[in-house]
Amino acid sequence: MTKVDGRATRWAGQQERRRAEFVDAALEAIAEHGPDVSTEQIAERAGVARTRLYKHFDGASDLQRAIAERAAELVTAELEPLWHPSGSPNEMISTVIATHLRWLTEHVPLHRYLTRAAPGPVDVRGTIARHLSRLLTGYLTAFGLDPAPGDTIAFGLVGYVESATTRWLDHPGTLSLEQLTGQLSGTIWAMLDHTLRAGGVELDPDRPLPLPEGL
């Protein structure tokens, strides 16, 4: 039997806790100083010297990756309506859009930081798009339609929402949050409705829609 080194286990646990504390401090620093926050400002927020901070991270890219991973966890938890949709098509769409926009408006500096600095492997947008792809292909299959368009539609919709929202954040005042939510939700339903009608399927957007496995 291999003997477990308790000291090594405790040290690893302490390292992870300290990394988590520094990442939380980084999120606070980003909220305070904006997306161009410096490592010095993050270290100051954490109450340590910059050199001390890098004892727990393998350079700036590792710190950025940890911040992005934590942000991904926050977004994933916030988008619960997307992972478990319910209601009518209009309710499903508007709830997800409203939830996503609320998170973005409450975390504008973090959103801009991730857009500018976050490394590629932490792909929140891709995670959302892939889940939506599975949902849409499931519905198309359940309706007896070709499921192939589901993937491109999903990634297209996520890209549309991302670019439109970023534009709106950069130019506040053009639309209210409620107007933007309605605009995005309406456009998304129009795209989905067009795809369904092309296959001979007509849905009432205000009538409750079961998940694909319930059809």
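Of the 215 residues in the chain, 37% are buried, meaning under 20% relative accessible area with a 1.4 Å probe and protein chains only. The model is a predicted one, where local features need pLDDT of at least 70 and side-chain atom pairs count only at pLDDT 80 or more, while totals for chains, interfaces and linings use all residues. Residues are numbered from 1 along each chain as its sequence is written, and side-chain values use heavy atoms, leaving out hydrogens and water.

Now for the fold. The chain has 10 helices and zero strands, with helices being DSSP runs of H or I with at least four residues and strands runs of E with at least two. Its radius of gyration, taken over C-alpha atoms, is 21 Å, well over the 17 Å from the globule rule for 215 residues, so the chain is more spread out than a compact globule. That rule is 2.2 Å times the number of residues to the power 0.38. The C-alpha atoms fill a box of roughly 65 × 60 × 25 Å along the principal axes.

What about contacts, meaning heavy atoms within 4.5 Å? Among those with a separation of 6 or more, 68% join residues 24 or more positions apart.

One stretch carries a label: UniProt, in an unreviewed entry, places "domain: HTH tetR-type" at residues 16-75, though such annotations may be inferred rather than shown by experiment. Residues 16-75 are 77% helix and 0% strand, and their end C-alpha atoms sit 21 Å apart.

Notes:
Buried < 20%, exposed > 50% of the residue type's maximum accessible area, 1.4 Å probe, protein only. Contact = heavy atoms within 4.5 Å.
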